[in-house]
Amino acid sequence: MHDIKYIRNNFSEFKKQVNNRNTEVNLDKILELDTKNRSLIQEKEKLESEKKTLSKQNDKSLFAKSKDLSKKIDKISEDQLNERKKLNQILSQIPNIALEDVPVGKDEKSNKEIKKSGNIPNFKFKPKSHYELGENLNMLDFELATKTTGSRFVFVKDKLAQLERAISNFMIDTHINENGYKEISPPLFASENSMFGTGQMPKFEDDQFEIKLDNKSGRKFLIPTAEVILTNMVNDTILNHSDLPLRFVASTPCFRKEAGSYGKDTKGMIRQHQFYKVELVSIVDPVNCKDELERMTSSACKILDKLKLPYRVIKLCTGDMGFSAQKTYDIEVWLPSENIYREISSCSTCGTFQARRMKARFKKSNNEKEFLGTLNGSGLAVGRTLIAILENYQQEDGSILIPDILRPYMNNLEVISKI
RNA sequence: GGAGAGAUGGCUGAGCGGUUGAAAGCACCGGUCUUGAAAACCGGCAAAGGGGCAACUCUUUCCUGGGUUCGAAUCCCAGUCUCUCCGCCA
């Protein structure tokens, strides 16, 4: 959510920056609504002030007049609330604006590669896809999932299930022991308010799974990412400056409808309705957002380094970033079967955009309150890491070598092969 | 599922129709004292929004939404959430 004052005072600049974000919001309407809203407020307040004075006099002869004022106030108040509602509706749909160093562009073609790391494996045979490998091992079962559940789900079995768990534990351990994150095991349901806070709602409601608890309580949604629940830990709070930075890590299932991606990545477990992800969230003094983003991204890269998987880091352009992001690095891992890099992590700073929606603030030394900076990143997507290991560590006979660093998590198993 | 209790500023907690935006304590900030710190003492300290270059000023807010009243944190109704007890339960 943007500060209306900022919009008012920097309108043309703001408009230009929002247009870089591929949105079709009627920004001129904002100014109009804002002006209307404020003039109604002035009218209302003038009458309220009058009424207050009358009331204080406690004089019977003035009661009728006061009652009359009340009616007028009610009327104006209703109009004003109406205008403000319309204004907020528009404001809540405007994406964050990008930092200066973010490339301007319409789609992924304008993204900039900024780092490449690791060696692309040179196979003496034609590398198989992760689903071929997994199915041949009898350890990935898509058909079974179709039977029990439906499309875009998978059964991971036996040693691959163990490997998946190992990946997740290894990532968490690294982040808590080496990168200073605190482990959290959060709820997987989020309230509508939390979904609003991080920006999933109202604009992206169609991507979310709503859960019906009962008829009484408020709306609940399965988290599409732990970012929602971890970031909202500071919802409506005022932290002390000395509490900062807060760094959280959680490994959770994530649930997404993947609406609008029909026909995309239908084979394999690249795009599922449910997947595990290790998520990193930082809550910081907003002046530190940029540094924290670098730190977070390198925390995520470190995982790939340790797994010895080849990857590259991409700086997303304005048109390709997520709704709440101010700047985003995607980390892409090499997939031999596709001969391309695929996204395995996305690290973003949101500046104060989410904090403003959440009313998440901190107290500065002079007691002034300021909105917090929030960042989130995958560290990493567990399912996709499993895919990357399958494909990059495959051998000609279809067995999978286990990366050294994961062996302690696998009872020192060295290779996964068909039984 | 049944029965109760509650929701007040960053926190704890008074107030229960008319200078109450709200006592008190804690926390925090400034100062005195001290070589420095602590303690003690003095002072300050809610938020959001509107107007003004500014000093400043106005309005709203005591869970949310309605209602009663000239006037509501205080009374009434509905809702949400929290807690306790009973039942059920991984």
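Predicted model: local features only at pLDDT ≥ 70, side-chain atom pairs only at ≥ 80, totals over all residues.
Reader: Thanks! Back to Gln57: how far apart are Gln57 and Asp34?
Author: Gln57 and Asp34 are 23 residues apart in sequence, and their C-alpha atoms are 35 Å apart in space.

Reader: What about Ile97, where is that found?
Author: Ile97 is in the loop between α4 (63–91) and β1 (112–117). Ile97 is buried, because its relative accessible area is 11%.

Reader: Which residues does Ile97 touch?
Author: Leaving out residues up to four places away in sequence, Ile97 touches His2, Tyr6, Phe14, Gln17, Val18, Ala325 and Gln326. Contact means heavy atoms within 4.5 Å. There is also Thr318, 221 residues from Ile97 along the chain, with 8.1 Å between the two C-alpha atoms.

Reader: New topic: how do α7 and α12 pack?
Author: Helix α7 (residues 158–177) and helix α12 (residues 382–392) pack at an angle of about 115°, and their axes are 10 Å apart. The axes are lines fitted to C-alpha atoms, for helices over the stretch in contact, and angles run from 0 to 180 degrees between N-to-C directions.

Reader: Which residues meet there?
Author: From α7 come Leu160, Leu163, Glu164, Ile167, Ser168 and Met171, and they meet Val382, Thr385, Leu386, Ile389 and Leu390 of α12. By class, this contact of α7 with α12 has 8 nonpolar, 2 polar and 1 charged residues. Nonpolar covers Ala, Val, Leu, Ile, Met, Phe, Trp, Tyr, Cys and Pro, charged covers Asp, Glu, Lys and Arg, and the others, Gly among them, are polar.

Reader: Why is α12 called largely enclosed?
Author: Because 11 of the 11 residues of α12 are buried, the helix is largely enclosed by the rest of the structure. Among them are Arg384 and Glu391.

Reader: And the largest nonpolar core, which residues touch the most other members?
Author: Leu160, Leu163, Ile389 and Ile416 do, in a core of 51 residues. A nonpolar core is a set of buried Ala, Val, Leu, Ile, Met, Phe, Trp, Tyr and Cys residues joined through side-chain atoms within 4.5 Å. The largest share, 8 residues, comes from α10. Apart from this core lies another, of 22 residues, including Met201 and Leu244.

Reader: How many aromatic pairs are there?
Author: The structure holds 6 aromatic pairs. Phe204 and Phe323 form an edge-to-face pair, 5.5 Å centre to centre with 75° between the planes. Rings of Phe, Tyr and Trp (its six-membered ring) pair if their centres lie within 6.5 Å, and planes under 30 degrees apart count as stacked, over 60 as edge-to-face and the rest as tilted. Phe204 is partly exposed at 29% relative accessible area, whereas Phe323 is buried at 10%. Phe204, Phe323 and Phe353 form one aromatic cluster.

Reader: Which peptide bonds are cis?
Author: A cis bond joins Leu244 and Pro245, with omega about -5°, and the bond from Gly379 to Leu380 is cis too, with omega near 10°. Pro245 is in the loop between β8 (238–240) and β9 (246–255), while Leu380 is in strand β16, residues 373–381.

Reader: What is the phi of Asn411?
Author: Phi of Asn411 is near 55°, a positive value in a residue other than glycine. Most residues other than glycine have a negative phi. Asn411 counts as exposed, because its relative accessibility is 69%.

How values were computed: Residues numbered from 1 in each chain as written. Chains lettered and ligands numbered in written order. Heavy atoms only, no water. Helix = DSSP H or I, 4+ residues; strand = E, 2+ residues; numbered from the N terminus. Buried < 20%, exposed > 50% of the residue type's maximum accessible area, 1.4 Å probe, protein only.
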